[in-house]
Amino acid sequence: MAMNDILLTIIEVIMMPIVAFIIGLFMVLMMRKLAARLQRRVGPPLFQPLYDIIKLYGKQTQVSHGLIHDIGIVMAVGGYVAAEALLPVPGMNGIAAQGGIITLAYLTMVPSLGLALGVGQCANPNGSIGISRALTSMLAYDIPFIIVIFGVAYQFGSTNLVDIIATQQAGGFSTWGISEMPVLALAGLFAMHASLGKQPFEIYIAPAEIATGPMVEMGGKFLGGLFVMQSFQLYTASVLYVSLFLGGGENWITFLLKCFGVLAIPVVIAYLFPRYRTDDLVRLVWKWPVMLALIGIAFVMN
Amino acid sequence: MSNTDLDKIEVNQKPVAKRSNPFANVFDELVSFCRSRSMFMLHYCTGCGAIELPPAMTSRFDMERLGIQPMVTPRQADILLITGYVSIKTLKRVILTYEQMGAPKYVIGICSCTVNGGMYWQSYATAKKLDEYVPVDLYIAGCMPRPEAVMEGLQQLMEKIKTDEANSWKQYYANYDYYLGNQQHLFGNNWQTPTDIIGEAKTYKLEGPNTLGEHTKILESVQRPLEPLEMKL
């Protein structure tokens, strides 16, 4: 590899999380705006997510519960920052070609584990209940998610996201994941919704029941870190879905339209429903999306 | 409580002195602007004024367009709304909650009960003036104030935060002896909270001449270290 290529890759790896953060902030805004519109409210102003984060980092007294509490938040944000470098966006591939979907699937689990470590040290019972629910729901949605990833990789004959996107873009709409394997795409949407932790899968936040679960002891910069994590989470989930099923982005305009459009589906559903119990969630997610994903795989492999 | 005790309070409502570095000033102004535009209020309500908050939050008045949203735990919150009379038992919880919040934190007293006891002024079981126990940034009088008044009050608080005038949380550290004295007067000399206010005041350099005094001496003599609760089924 020439020196220029290495330099370019380094710049891309630095730029991609920054771009992801900015887009993620707008995704948080869209989520809150949609919630407000559905409830016939005006909703927050344009820069509200940024105000929240700056304010939380600007708190003058910070309560830390120890070293692992600090490291847990760094892991939660860091896992997503690393994942962004593996998600190709128009014009920037970063290290996506070297990473592949399997590495990405591992990296998206790091934040939950980091959060579990951090919350564990807070010794708050609500936090412990919350994190055990978060890990349970991760166990639930990861199974359809992995089956979907397997199906997509089988269909395109590659686990490399850059190749998957290139194949879809070369053939146009008829070769997009969503038209080649619509059942898998539906299962993927279901799994993505569950992975976002929004209603009706909001078992681990549950403000009225366990006081926001993992976030219960987080104030100031810790909560700020979680807000940053949330914007990365929305970005990662939607961009991954767009890359697998909607042909990635030919340019920034179509890319952003697809990402925001995909994210709007779970968000609109979320604010119309209450939430399930933990056991109901596991039963539901292991039944329907898994069944859909298996049928989808049968169609792909026939 | 005699009125002479009230004179002990240093009223420090002046804006904080600006830093010499112009970039630091711009940064400070940005942070205080963001503070004023993003206020998380604690979901903790006392008394009857709480009933005026749901309309202020939902579609009719929509607090979220001002950046105000409810938060569930004291660690996450910026504003503590005291929405009505505070019984002595509730006051203990209010103080525990207030001390757990991360500074800068603001207290709003809603309804006349928090101002002077309101219709409960004769009661033996309620705290009459809230600001004898925790520093209050803003009162919204009325029995009960309508959502319009609540919104107006919150907008005034926003203005105060933007100009760095809402510093009552610093008074709690600087005059801890006064507030602790009033708390001991109600709850007895054995009163202690899990939060180490004196230690925080020292760590963040928020001590004043009245942080330590006769009442904190009583606290030191009765203070027991916190122990984990016994595990019982």
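Guide: Let us start with Ala293(A), which lies in helix α14 (residues 278–301) of chain A; helices (H or I, at least four residues) and strands (E, at least two) are DSSP runs, numbered from the N terminus. This is a predicted model, in which local features need pLDDT of at least 70 and side-chain atom pairs count only at pLDDT 80 or more, while totals for chains, interfaces and linings use all residues. Residues are numbered from 1 along each chain as its sequence is written, and chains are lettered from A and ligands numbered from 1 in the order in which they are written.

Visitor: Why is Ala293(A) called buried?

Guide: A residue is buried if 20 or more other C-beta atoms lie within 10 Å of its own, exposed if 12 or fewer, and partly exposed in between, with C-beta atoms placed from the backbone. Ala293(A) has 26 other C-beta atoms within 10 Å, and is therefore buried.

Visitor: Which residues is Ala293(A) in contact with, leaving aside its neighbours within four places in sequence?

Guide: They are Pro144(A), Ile147(A), Val148(A), Gly151(A), Leu184(A) and Ala187(A), where contact means that the C-beta atoms of two residues, placed from the backbone, lie within 7 Å.

Visitor: What makes the radius of gyration of chain A agree with that of a compact globule?

Guide: The radius is taken over C-alpha atoms, and the globule rule is 2.2 Å times the number of residues to the power 0.38. For 302 residues a compact globule would have a radius near 19 Å, and chain A has 19 Å, so the two agree. Chain A comes to 14 helices and 0 strands, and 51% of its 302 residues are buried. Of its contacts with a separation of 6 or more, 81% are between residues 24 or more positions apart.

Visitor: How do you know how confident the predictor is in chain A?

Guide: By pLDDT, the predictor's confidence in each residue, from 0 to 100: chain A averages 88, and 100% of the residues score at least 70. Within chain A, confidence is lowest in helix α4 (residues 96–99), at a mean of 79, and highest in helix α2 (residues 48–57), at 92.

Visitor: Why is chain B said to be as compact as a globular protein of its length?

Guide: Its radius of gyration is 18 Å, close to the 17 Å that the globule rule gives for 233 residues, so chain B is as compact as a globular protein of that length. Its secondary structure comes to 10 helices and 7 strands, and 42% of the 233 residues count as buried.

Visitor: What puts the buried residues of α4(B) on the same side of the helix?

Guide: The buried residues of α4(B) are Leu91(B), Val94(B), Ile95(B) and Tyr98(B). They cover an arc of only 95° around the axis, the arc being that of the directions from the helix axis to the C-beta atoms, and therefore lie on the same side of α4(B). These residues pack against β3 (79–83), β4 (86–87), β5 (106–110), β6 (126–127) and α8 (176–187) of chain B.

Visitor: How many residues does each chain bring to the contact between them?

Guide: The contact takes 21 residues from chain B and 29 residues from chain A. On the side of chain B that touches chain A, helix α2 (residues 22–37) of chain B gives the most, with 5 residues.
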